[in-house]
Amino acid sequence: MDTKRVTLFSGHYGSGKTNVALNYAIYLKEKGEDVEIYDMDIVNPYFRTLDGKDMLDQHNIPLVVSDYANSNVDVPAMNSGAYRMIHDKSKLAVVDVGGDDRGALALGRFETALKEEGNYDMLLVINKYRFETQTAQDTIEIMNEIEAACGIPFTGIVNDSNLGRETTTKTVLASLDFANEVSKQTGLPIKFTCVERGLYEDLKDKINNLVPIDVIHYGVWC
Amino acid sequence: MAEKILMKGNEALAEAAITAGCRHYFGYPITPQTEVAAYMAKRMPKIGGTFLQAESEVAAINMVLGAAAAGVRSMTSSSSPGISLKSEGISYMAGCEVPALIVNVERGGPGLGGIQPSQSDYFQATKGGGHGDYHLIVLAPASVQEMYSLTIKGFELADNYRVPTMILTDGTIGQMMEPVSLDAVEVKQFDKPWAACGQRGRDHRNIINSLSLSPEELEQWNLNRYARYKVIEEKEQMYEEYMMDDAEICIVAFGIAARVSKNAIVEARKKGLKVGMIRPITLWPFPTKALKAAAEKCKAFISVELSMGQMIDDVKLAIDCKKPVYLCNRTGGVIVSSNEVVAKIEEVSKM
């Protein structure tokens with residue numbers, strides 16, 4: 001896909017934004033771009049971009065994240081470095097926005113700057129198997145709430161439909177109609193569909209713009 | 001089986017409560033259980049239920065008491081410090097013998113502690129927490145699927161025995177997402193002729209309180225309640241056995257610690273160590289029968305806990321200290337690792 005200077009990933013919490021954002025940042029870096037990733041989640045106490053620090057370090061991608069992420073401090077904080085996202089236009093920015101309208105609220109701080117620059121993609125990450133977004137209608141309801149909270153309209157869709165470790169090729173294929181329906185009703189293009197790397201070979205000829213992704217592994221809880 | 005969907009533990013719990021017929025939720029936000037309240041706030045108005053964010057935890061638990069006394073299924077949820085605040089109300093509910101569901105998505109303590117997952121409210125949940133002679137029925141889910149099934153079970157047990165029931169889980173299980181099947185379940189309902197919901201043709205008014213004017217009367221209330229507890233201890237012990245057939249070492253762990261322990265057991269078995277697990281699903285009543293039986297054939301026990309060692313006391317009591325019981329633990333919001341459990345198994349196997 002064509003790359004805008006700022007790519008924002010937003011959507012229902014738990015739809016897979018963090019993994020998608022991590023992989024997208026790595027993809028850009030591997031293309032030779034100068035990219036930083038921003039964790040703008042002000043809601044989740046754990047399970048966040050910081051958990052993918054090893055993956056990011058391997059690729060030398062700086063992570064801008066609240067000092068309090070994954071700590072015991074329960075405050076909705078953003079790192080002051082977040083302003084680099086709009087001030088340093090020499091770098092590409094990948095932004096992991098918090099889930100739902102609550103999580104996206106903080107992004108509103110950058111609404112004016114992002115619109116003035118006019119070089120961003122705001123991507124709606126969708127998952128047909130995620131509770132509360134199983135239909136196009138429910139997905140669009142949450143999409144509208146997010147847009148109202150942060151003031152930034154979506155420009156495209158990422159189909160990340162998955163059932164965690166129980167995802168199969170069938171799971172992914174069965175999500176295509178849903179994604180198309182969201183696209184049809186919103187008028188937004190499906191920028192790409194994500195699938196865990198192990199399933200990529202079996203699906204690459206069956207789905208347009210299919211992208212293999214690596215998923216943060218929480219082995220300890222299996 | 002219904003098509004699976006991805007849910008957070010807290011969401012599965014909230015959805016289960018609605019499936020169980022709970023239409024009255026009273027709460028106050030606290031990490032890491034806030035999704036329960038957020039979900040109820042969104043959902044309850046759509047189904048004719050009540051979501052109320054109280055001015056404090058103390059207020060919320062007393063609203064639960066009031067709703068439960070009127071005979072409807074009601075609940076509250078909180079996390080460790082919030083449960084301490086609710087403890088007075090919980091004691092009153094035990095004294096009033098009103099059934100309701102109390103959810104504790106534990107975080108580290110004592111005091112304000114932290115927001116990372118913990119199991120250090122075991123004593124508080126199983127031994128009282130509030131004042132007086134009472135028990136709660138305490139259920140400990142170890143998966144998002146069990147957050148669903150045990151929440152429904154919790155409402156049923158509470159109503160059946162007129163005992164407030166607690167779901168004791170931790171931040172990890174509350175926050176993590178897993179595929180869940182929301183199978184159509186038949187939820188048991190119970191007559192509540194004791195409920196204070198109007199006279200309804202009866203020849204008397206039902207009055208619910210926890211005040212007894214004479215010591216003898218209070219003693220009799222307590223004796224009656226403990227007779228019921230005895231039935232619960234006899235009939236309601238729940239546990240899961242894992243690789244216990246030939247086990248020489250028995251791990252005892254619940255919730256997230258049991259998940260880690262399962263990984264550790266698989267690893268230890270690759271090294272030829274005969275280890276299995278008894279996972280208490282009811283923490284009260286504690287699964288003493290299963291542990292007693294295990295004590296006959298196992299040479300040692302390891303209690304794996306995210307606390308300084310609380311359940312270990314119940315393990316020792318259950319087996320009358322017939323075999324040594326060792327502790328493998330992390331606390332303060334740190335999750336014990338599979339490697340740490342394997343190391344403990346190896347250490348104990350050499351003793």
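Mentor: A residue is called buried when its relative accessible area is under 20%, exposed when over 50%, and partly exposed in between. The model here is predicted. Start with helix 1 of chain B, residues 9–19.

Trainee: Why is helix 1 of chain B called largely enclosed by the rest of the structure?

Mentor: Because 10 of its 11 residues are buried. The buried residues are B:G9, B:N10, B:E11, B:A12, B:L13, B:A14, B:E15, B:A16, B:A17 and B:I18. After helix 1 of chain B comes B:G21, with a positive phi near 95 degrees.

Trainee: What makes strand 4 of chain A count as mostly covered?

Mentor: Six of the six residues in strand 4 (residues 92–97) of chain A are buried. A:L92, A:V94 and A:D96 point one way from the strand, while A:A93, A:V95 and A:V97 point the other way, and all are buried.

Trainee: Which strands of chain A pair with strand 4 in the parallel sense?

Mentor: Strand 1 (residues 6–11) of chain A runs parallel to strand 4 and is joined to it by four bridges. Strand 2 (residues 35–40) of chain A pairs with strand 4 in the parallel sense over six bridges. The cut-off for pairing is at least two bridges, so four bridges and six bridges both qualify. A:V95 has A:L8 opposite it and also A:Y38 opposite it.

Trainee: Why is A:N159 called buried?

Mentor: Its relative accessible area is 1%, and buried means under 20%, so A:N159 is buried. A:N159 sits in strand 6 (residues 156–159) of chain A. Neighbours within four places in sequence aside, A:N159 is in contact with A:I126, A:S175, A:L176, A:A179, A:F192, A:T193 and A:C194.

Trainee: What makes A:D214 and A:R197 a salt bridge?

Mentor: Their N to O distance is 2.9 Å; the cut-off is within 4 Å, so the pair is a salt bridge. A:D214 lies in the segment after strand 8 (210–213) of chain A and A:R197 in helix 9 (residues 197–203) of chain A, so the pair ties together parts 17 residues apart in sequence. A:D214, at 34% relative accessible area, is partly exposed, and A:R197, at 44%, is partly exposed too.

Trainee: How do you know that B:R73 forms a salt bridge with B:D159?

Mentor: The closest N and O atoms are 2.8 Å apart, and the rule asks for a distance within 4 Å. B:R73 is in the loop between helix 3 (57–69) and strand 4 (74–78) of chain B and B:D159 in helix 6 (residues 144–161) of chain B, so the parts tied together are 86 residues apart in sequence. Both B:R73 and B:D159 are buried.

Trainee: Are B:R225 and B:E97 buried or exposed, and why?

Mentor: B:R225 has a relative accessible area of 5% and B:E97 has 4%; with the cut-off at under 20%, both are therefore buried. B:R225 and B:E97 form a salt bridge with the closest N and O atoms 3.3 Å apart. The pair links helix 8 (residues 215–235) of chain B to the loop between helix 4 (80–96) and strand 5 (101–106) of chain B, 128 residues apart.

Trainee: How many salt bridges are there over all chains by this rule?

Mentor: The count comes to 31. B:E146, B:E240, B:K262 and B:R279 are linked in a network of salt bridges.

Trainee: What makes strand 9 and strand 14 of chain B edge strands?

Mentor: Strand 9 (239–242) and strand 14 (325–329) of chain B each pair on one side only. They belong to an open sheet of five strands in the order 9-11-10-13-14, with mixed pairing. Strand 13 (residues 300–305) of chain B pairs with strand 14 in the parallel sense over five bridges, and B:V304 stands opposite B:C328.

Note on methods
Residues numbered from 1 in each chain as written. Chains lettered and ligands numbered in written order. Predicted model: local features only at pLDDT ≥ 70, side-chain atom pairs only at ≥ 80, totals over all residues. Heavy atoms only, no water. Helix = DSSP H or I, 4+ residues; strand = E, 2+ residues; numbered from the N terminus. Buried < 20%, exposed > 50% of the residue type's maximum accessible area, 1.4 Å probe, protein only. Contact = heavy atoms within 4.5 Å. Salt bridge = Lys/Arg side-chain N within 4 Å of Asp/Glu carboxyl O.
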